[in-house]
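Here is a friendly set of notes to read with the model open beside you. Take the points in order and find each residue as you go.

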Amino acid sequence: MRIVVVGGGTGGTIVANNLSRRLVGEIRARKVRLTLLSASDKHMYQPGLLYVAFGQMSPDQLYREQASLLESNIDFHVDPVVEFKLDENRVRTQSGKVHEYDVLVIATGSRIVPELVPGMREGAETFYSEAGAVKMFKRLREFEGGNVAVVVGVPHKCPIAPVEVIFSLHDYFKARGIRDKVHIKYHYPIGRIHTIENVAKWAKPEFDRMGIEYETLFNVKEIDPVNRVVRSEEDTETHYDLLIAIPPHRGMEVVEKNGLGEGGWIPTDRYKLTMNGHDNVYVLGDTTNLPVSKTGSAAHFEAEVVAENIASIVKIGAPVRDYDGKVYCFIEAGHDRATYAMFNYQIPPDLKPASKPMHWFKMAYNQMYWTSVRGLL
Amino acid sequence: MNDCKIVDARNTFCPGPLMELITYMKQASVGDTLELLSTDDGSGADVPEWVNKAGHELVSKERVEGVWHIRIRKAK
């Protein structure tokens, strides 16, 4: 059996490593060939970008060599797929090589598209890329006071990030001794301050205690960097001195160009994680169109289901598990406290008060990620 | 009315039904109708609130066996 995994982010890497262990005998006996195709020879720990934006991590701490994270029986190539021929069970890569498969896993992720909002690229700081996070830190460092506005594009990766950046801004300016000179205003697309009701209930008193102003039902329409004004689809506007944006996202261009899904999101069965209409194609992580958080955590739990099911198909001819929608997200509540949200399709998160030990656990997880992505944790 | 796009946001806490609807409304063309399916009790109130504030058109709203079926036409 030929298994091809497309994408070397969190989901694709965990699937490949998990499969390599479950199928070690079959791969050694040449009954199974496991190939991973990625666009990069580097692997980035994306949650670390928030720390870079506040000077708490340096950019080089975010990366490992992709090959160093993979089991040796994985046939790994830095050669991104440019063409999907799903009806012929094959993909073609940038180098022109064709890979035929019996089972395909698509985990190509998502990308930021600030250009969809007029003025966002020029007028807003963001921490969703290495260059953006470094630039944002330099802006924060030179900021001496005024109005800071945070706006949120839709859809976006890491739904917890909007509240985390607010807490970090509060603690950052407090540590610099200028919190009283900074007015922070938060803008959110729906009618409460977070999409998860229990997170909104937990965060609201924290916002009130920190003196954060907020405006809900604010979907960013355009930004006027010259006059420093951000306007909403709902016909309101905010003046700012420093604007921080969670940019809108889309799926990868290769998904759109190959007609696999509108907006780059592939229609996916929410339990089987197979592409609709293609039982031998699995989709996971940001790439799916599922109403599930676009986070490394979701990709991780989905990857475990996908790998176990593919291995079971090899061994007994049938999958054994459904994905239950599980997500676990740490929530940094500033620079020394944290909590978490764990939920699935049926059970909402039950937020606990933020604590220092949970923050220390998050700090430890920032290193443990490299064990996690190897499929060991 | 038959060719409206279904946004199935049943049994989801994050990103949640309204955030899902906004995602698909951004992808839609003016004049398109979307039908949101939601098991969130609050959708019956918070979706019309956003539709009204954003200037779109609420076509219909009904709850069938615990599932909200809310049709919205993109107006701008």
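**Notes on pockets, a helix and some backbone details**

1. With five residues, H1(B) is the element that gives the most to the lining of the second largest pocket. Helices (H or I, at least four residues) and strands (E, at least two) are DSSP runs, numbered from the N terminus. A pocket here is an open set of points on a 1 Å grid over the protein atoms alone, with protein on both sides within 12 Å along at least five of seven lines, while a cavity is a set of points where a 1.4 Å probe fits but cannot get out; lining residues have an atom within 4 Å of a point.

2. Before going further, a word on the model: it is predicted, so local features need pLDDT of at least 70 and side-chain atom pairs count only at pLDDT 80 or more, while totals for chains, interfaces and linings use all residues. Residues are numbered from 1 along each chain as its sequence is written, chains are lettered from A and ligands numbered from 1 in the order in which they are written, and side-chain values use heavy atoms, with hydrogens and water left out.

3. The second largest pocket holds about 490 Å³ of space; a volume is the space filled by probe spheres set on the points, which are joined across faces, edges and corners. Its lining has 26 residues, and Leu116(A), Val154(A), Glu233(A), Lys26(B) and Gln27(B) are the closest to its centre. Strands S14 (220-224) and S18 (249-251) of chain A and helices H1 (17-27) and H2 (43-54) of chain B each give two or more residues to this lining. By type, the lining has 13 nonpolar, seven polar and six charged residues. Ala, Val, Leu, Ile, Met, Phe, Trp, Tyr, Cys and Pro count as nonpolar, Asp, Glu, Lys and Arg as charged, and the others, Gly among them, as polar.

4. Where does the largest cavity lie? It lies between domain 1 (2-109 + 252-324) and domain 2 (114-248) of chain A, because both give residues to its lining. The domain bounds come from an automatic or database domain assignment. Among the 17 lining residues, Pro155(A), Lys294(A), Pro15(B), Glu20(B) and Thr23(B) lie nearest the centre of this cavity.

5. Pro155(A) is joined to Val154(A) by a cis peptide bond, with omega about -10°, and sits in the loop between strand S11 (146-152) and helix H6 (161-175) of chain A. Pro15(B) is joined to Cys14(B) by a cis peptide bond, with omega about 15°, and is in the loop between strand S1 (5-9) and H1 of chain B. Most residues other than glycine have a negative phi, and most peptide bonds are trans.

6. Please check two phi angles as well. Leu217(A) has a positive phi near 50° and counts as buried because its relative accessibility is 4%. Arg228(A) has a positive phi of about 55° and, at 41% relative accessibility, counts as partly exposed. Buried means under 20% relative accessible area, exposed over 50%, and partly exposed in between (1.4 Å probe, protein chains only).
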